[in-house]
Amino acid sequence: LYKSVGYDTLKDFAPVTLVCDLPLLFVVNPDLPVKNVAELIAYAKANPDKINYSSSGNGTLSHLGMEDFKRRAGVGLTHVPYRGSPPAMTDLVAGVVGAGMDTVTVTQPFVQAGSLRAIASAYSQRISAFPDLPTLAEQGFPGFGIAAWIGFVSPRGTPTDRVEALNAAVSKVVKNAEIAEKFAALGVIERLMGPAEFAAFIASENERWSAVVKASGAKVE
């Protein structure tokens, strides 16, 4: 996506720890006559290229997640990029676009208000705020599970003992009851890792999303 960012993600950092996941929900405008993923796919195939989907911008997770779904489902959905989640949600609620994915933090208020309909958890598991909502994996897409995630890295060459100390300090804070309460309120899921595990995770995410970018032809313009 980015031809030059001034650093190499896999070489220029010393991973410290993953902190948390921000799961994504797959949502539609209530006027779209679908209540689950199978119905969405059937509707999209019966009405080629009729469904537009919003994202918070080209190359964002809400864009790439939908492109990955679209490719796996074999349906035609038209991407409409916005400058951030607020305008994307505004037009989705208004029916200017019909579908989209975004984090639980962004989508939950609209779903609870009835302004949007959730048809799947796009995360690897069901979400506590919507325990009866099946995942995409449960609805015919095994292995599908995406989340925005947050972690800590330090500069390349940081001594191992300092990386380990940082890992311990961050983990202690994240496990604090007050932080756990704030995470729960936002739909954020704690996901701590050791430095080596986090490094392997970053590498796997790099490989995974590189494949989606190449397959979809997504570009940042």
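Before any volumes, a definition: a pocket here is an open set of grid points, on a 1 Å grid over the protein atoms alone, with protein on both sides within 12 Å along at least five of seven lines. A volume is the space filled by probe spheres set on the points. Keep in mind that this is a predicted model.

With that, the second largest pocket comes to about 150 Å³. Its lining is Asp21, Tyr123, Ser124, Gly145, Ile146, Ala147, Trp149, Arg191, Phe201, Glu205 and Arg208. Sorted by class, that lining has five nonpolar, two polar and four charged residues. Two elements, E6 and H7, each supply at least two of the lining residues. H7 has the largest share, three residues.

Now the largest pocket. How much space lies in it? About 1000 Å³. There are 29 lining residues, and the closest to the centre of this pocket are Tyr2, Thr9, Glu205, Asn206 and Trp209.

Which elements each supply at least two residues of the lining of the largest pocket? They are strand E1, residues 13–28, helix H2, 61–73, strand E6, 147–155, and helix H7, 195–216. H7 gives the most, with ten residues. By class, the lining of the largest pocket holds 20 nonpolar, six polar and three charged residues.

To finish on H7: this helix gives the most to the lining of the largest pocket, and the largest share of the lining of the second largest pocket also comes from H7.

Terms used. Residues are numbered from 1 along each chain as its sequence is written. This is a predicted model: local features need pLDDT of at least 70, side-chain atom pairs count only at pLDDT 80 or more; totals for chains, interfaces and linings use all residues. Side-chain values use heavy atoms; hydrogens and water are left out. On a 1 Å grid over the protein atoms alone, a cavity is a set of points where a 1.4 Å probe fits but cannot get out, and a pocket is an open set with protein on both sides within 12 Å along at least five of seven lines; lining residues have an atom within 4 Å of a point. Helices (H or I, at least four residues) and strands (E, at least two) are DSSP runs, numbered from the N terminus. Ala, Val, Leu, Ile, Met, Phe, Trp, Tyr, Cys and Pro count as nonpolar, Asp, Glu, Lys and Arg as charged, and the others, Gly among them, as polar.
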